[in-house]
Structures are given as structure tokens and as C-alpha cells.
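Let's take a friendly walk through the inside of a protein model. Here is what to look at.

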Amino acid sequence: MGPIWLPNALIVIIFSILVYQYPSALNFKPLYSKEVLCPLPEFVDTLNHEKTQLILHDSAFRKKTLDRFSRAIQIDTTIDEKMNDFTKFEVFHNYLETEFPIVFEKAKVTKINTYGLLFEVEGENPALKPAMFMAHQDTVPLGDIKEWKFDPLGGFYDDKRVYGRGTNDVKGLLVGLMNAVETIFTDYPDHKFQRGFKLAFGFDEEISGNMGAKKIGEYLLEQYGPNTIDHIIDEGAPMFLELKGTFFGPIVTSEKGYMDMRVEVTTPGGHSSNPRDTTSIGILSRFLESYERDKFPASLPNSSPMLKFLECNAEHHPSSKFSLKDILLKLSRANELAKRFIVRKLEKIKLFEYTIRTSQAIDVIYGGEKYNSLPPNATAIINHRITIGDTFDTIWEKAIKHAVPAAEFSNVGLIVNNVEIIPATKNGVIKIGQLEKNGDMLPAPITPAYDDKWNRLTSYIRTFYEKEVYPEKLKNSTYIISPTSMQGNTDTRHYWKLTDHIYRVQPGITNLFEANMHGSNEYVDIETHMQVVAFYYNYILGIC
């Protein structure tokens, strides 16, 4: 039996090593700080209670709204990367003008690149920059019709949901916005807006928005110049989420970057009866297996909106005073060891893993010409969504790390991002580069939180849900409104020069992924659609 002091000495040694590695490990000041990490917004008194309740609950208004929404779903606006004829969008434009005639009469309507739609309502006060609200007209393809319970272009709805392609992503938002503005103009035909506002609807968001939103952005820059929009709100997280009895209002203030990487292996051809030790497909497979197995490191820099989301949960969650996890979250910004613990936990949870890690997905692979001929070429496309803190170089460095051993094993050359790493040999070469530079982007600039614009928006959101939509449900609960980030990308990428305040959030309760976004049987909750109309009716009247 060893000395009784040995385990204690071992603990001291381990603790000393941790403190040496993480000098801030002894920093517990945040636990005693009285600073509020996530202040709750104030209530506003400008909501029209009677009209809001009518929009949310009146059966006649609801039926008219849902019938109107259903007709939008019945119009095919599906697109894919191969599409070059967009004339079918004229049908959707005719639908909008028929359903919302007063919007077309009162607003300045500009069709940009033929099918992009921009509605502009002027404000009386030139000192107030206009707000801009976004959606997109296009949807992803229908997929396998046999997997749909209802006709994807039928616009069917029952007493809870509306089904069909685009209900969730995002015709519900677009039609709801138009409905809100039409209702405002109907109720207040002579209203003088102090702040102007714009509605911007691209038509190719699902294939990166280069013909729609990009052209609208260029038009606005040419007409008005940079930094001429007060703030932008686009599709994003639902404003109201209930998770395990806790109520959240996540507002996306940044989104991940994007890069498609092309890996091409070229080797001499030949007959399969006399093969070399490795073929193009074999070399490519060796690289891909190694690359895929090695995930990008997870990280949570202090600038990350996801860290702020977690801090807000720790501060306002009912269990935060007793949970070790929440205590560590409060420490994580100042204590490196606490943050490392949180990162380790998050990367094991599928819901959160790729909010803090650059993702990699081998989506396309092709090669070979004939079953008895050696393949002269093999190619793969790897999609990456770049997390905050990483760059394109993060991807190139990892590509080199795994491509060098593959190239050396097969005695072939290696070129990465147009830089020769290993000279080409008679056996061939591996070339790794960007598939399409125009479509790639770094993580979006982070919209400031807790400034005047944030406080104004979140005050309306809090008032809307706590006073109008769910007053009983939230009577004794905290509605946690906080910044966050998301893995996907939106058309907002084309508007970065117009404002540094871009919010990706939409009224409603529908969890975008549970509602089969991009899949069969896509739907949106009826309550979500009615909330879009009611929220924007109040928000536009209140801030404009």
C-alpha cells in the first residue's frame, strides 16, 4: 500500500499542469459579477391590440389569408442549377399583383433582372434610413412525388398546417409580408410613414442568388450607395421556440461561410489487365477517406453569436443557479478551461456540433470510363460550411495535410490552390482547388447585439409574444431572446454593403427542420403564417 499522500500529490500535479496550459483557469470573477450578460428588452406600447387579435384569431380573416396563401403554393416556382428559363415566375408575379393590388399601387415596384422584385415605400423623414424585409420567390424541386402525402403544388391545408413546396421555405414569409403591407394600406390609406421601407424578393436563392438578390443589391448600391439601409430582416430562425419547457427567441446575427472544394486526380490510362498499383479512383479514395475521418476542430471564439446564445441560456434558464454546465457557461468567456469543457460537450451534440465546427461533406464523386480501362481521371466535390474563426486557409491547410501522404504513397504530384506542393510525375497529379470562386464566402459579418437597433427589434418581438400571442404561457416564464448563428446561407450575403445590421429571423413557431424543409411533405403551421402577418403589421407601423 503506497503513501496516503500520493493521490493528493497526483491531483496537485494534474491541477498545476492544467493551470499552466490554461492560465485563466483560476478566473472565477464572472460568477460573482453583477453584470447582466443578456438584458431583456423593454416592452413597447405601439402595438394595435384589437387588430392583432383579429389577425391572429378572426375566422373570416384567417380563411381569406389561408386561401390566398394556398394559391401561392399552387404556382410552380421550383428551380435547380440547370435551369435557364425563368419565365414561369411571371405567373407568380401576376398572382401577387392580383392578390395585393394596393401594394402595387402605393409602392414603387421595380423588376430587377426581369424576375427580381423590389417594392419601395418612401418615408417623410430623410434622416431615417429605410428598413428592408426579405424573402425569396423560388423553391427547391419537388422531389419524389410518391413520397408526398398531399400534392406538393396543391396548397392543401387543414386546421393546423398548410402543406406544399415552399410553405416553409419561404413563400409563407413572402406572402405574409405582402399581406401585412396590404392590410396596413387598407386600414390607413393616407398614412404618412416617417421611415421608408423596402420589400426585396429574389428568385434564385436556392442556387446562391446570383441572378436575383445579387442584382437587387447591385441596383440598391448604384441608386443609393453603401450603408443606406437601417437594417434588414430575412428568413432565419423562428421567433418563438419551446424546448423542454424553456422559451427561446433566437435571432441569427451571422451565418457560416461557404466553399466547394474540387479534388481531381489525373493518371495515365491503360488496360485493366496490366494495372498500376493505384488508379486515379484509388488515389482519390485514399485522400477522401483520410480527409473525411479528420473533422475540423471545434471552436467557440468570444465573438461567436453561439457563445452569446449559450450565455443567455445560462443566465435566464430556470436551472442556471444549480447546473454545473450553466456555471461553466458563465465562466467560459474569461476562463479557457471552462470554455474547453463546454466545447467538448457541444461537439458531441448533433444539434450544436456544426454550429461550432467547419463542416465537410463529400457530395459528388465521379470517374472511370469503361469497366476494363484504367480511369484517367477521378473527381470529387467536397462542400464546406466555414465556422466563425476559420478561413479558406483552414481548409487548404487540412487539404495539404491529407493530400501529401496520398500523393507520396502513389508517387504523384500535388497542386493545392494553384500552388505546386509536389512536382507532377509520370504517374500523374492531384489537383485541389475551389470549384467556383464566385460562390464562396467567408463567415458573414456579425451584426451587433444589444445596441439601439437590436433593442428596438427585440422589444417588438417580446411585446408581440408576451402580450399578444402567448400571455398565459409566458406569464411566469422567461422568454429568452438572444443572438445565435446558423449553418445555412441566405440571400443576405448580397446585401452586406448596404447595412451592418442584418437579422435572420422570422415570426412563427415552426421548427424549420422538423417541418421537412426541402423534403417531402413540407409544411408550415397555420399559427406561424398568421403570426407573420400580425407581427409585420405592427412592426412596420411601429418603426416606420
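A pocket here is an open set of points on a 1 Å grid over the protein atoms alone, with protein on both sides within 12 Å along at least five of seven lines. A cavity, on that grid, is a set of points where a 1.4 Å probe fits but cannot get out. Lining residues have an atom within 4 Å of a point. Grid points are joined across faces, edges and corners, and a volume is the space filled by probe spheres set on the points.

## About the model

This is a predicted model, in which local features need pLDDT of at least 70 and side-chain atom pairs count only at pLDDT 80 or more, while totals for chains, interfaces and linings use all residues. Residues are numbered from 1 along each chain as its sequence is written, and side-chain values use heavy atoms, with hydrogens and water left out.

## The second largest pocket

The second largest pocket holds about 320 Å³ of space. It is lined by 15 residues, and K214, R493, H494, Y495 and W496 are the closest to its centre. By class, this lining has 4 nonpolar, 6 polar and 5 charged residues. Ala, Val, Leu, Ile, Met, Phe, Trp, Tyr, Cys and Pro count as nonpolar, Asp, Glu, Lys and Arg as charged, and the others, Gly among them, as polar.

## Two cavities

Searching the whole structure turns up 2 cavities of 30 Å³ or more. The largest has about 110 Å³ of space, and among its 15 lining residues N168, Q506, P507, V524 and T528 are the closest to the centre. Helices (H or I, at least four residues) and strands (E, at least two) are DSSP runs, numbered from the N terminus. The lining of the largest cavity has 7 nonpolar, 8 polar and no charged residues.

The second largest cavity has about 60 Å³ of space. Its lining includes S254, E255, K256, Y354 and M486, and strands β8 (246–255) and β15 (479–486) each give two or more residues. This lining divides into 3 nonpolar, 5 polar and 2 charged residues.

## Nonpolar cores

A nonpolar core is a set of buried Ala, Val, Leu, Ile, Met, Phe, Trp, Tyr and Cys residues joined through side-chain atoms within 4.5 Å. Buried means under 20% relative accessible area, with a 1.4 Å probe and protein chains only. The largest core has 68 residues, and F133, M178, Y465 and Y536 have the most contacts inside it. Helix α16 supplies the largest share, 11 residues.

Apart from this core lies another, of 27 residues, including L284, F287, A380 and I382.

I386 sits in strand β11 (residues 377–386) and is buried, with a relative accessible area of 0%. Leaving aside neighbours within four places in sequence, the contacts (heavy atoms within 4.5 Å) of I386 include K256, Y258, F392 and M441. F296 is 90 residues away from I386 along the chain, and their C-alpha atoms are separated by 9.8 Å.

I79 belongs to the loop between α4 (59–73) and α5 (89–99). With a relative accessible area of 3%, I79 is buried too. Among the contacts of I79, leaving aside neighbours within four places in sequence, are F86, F89, V140 and F203. I79 and F203 are 124 residues apart in sequence, and 8.8 Å apart in space from C-alpha to C-alpha.

Notes
Buried < 20%, exposed > 50% of the residue type's maximum accessible area, 1.4 Å probe, protein only.
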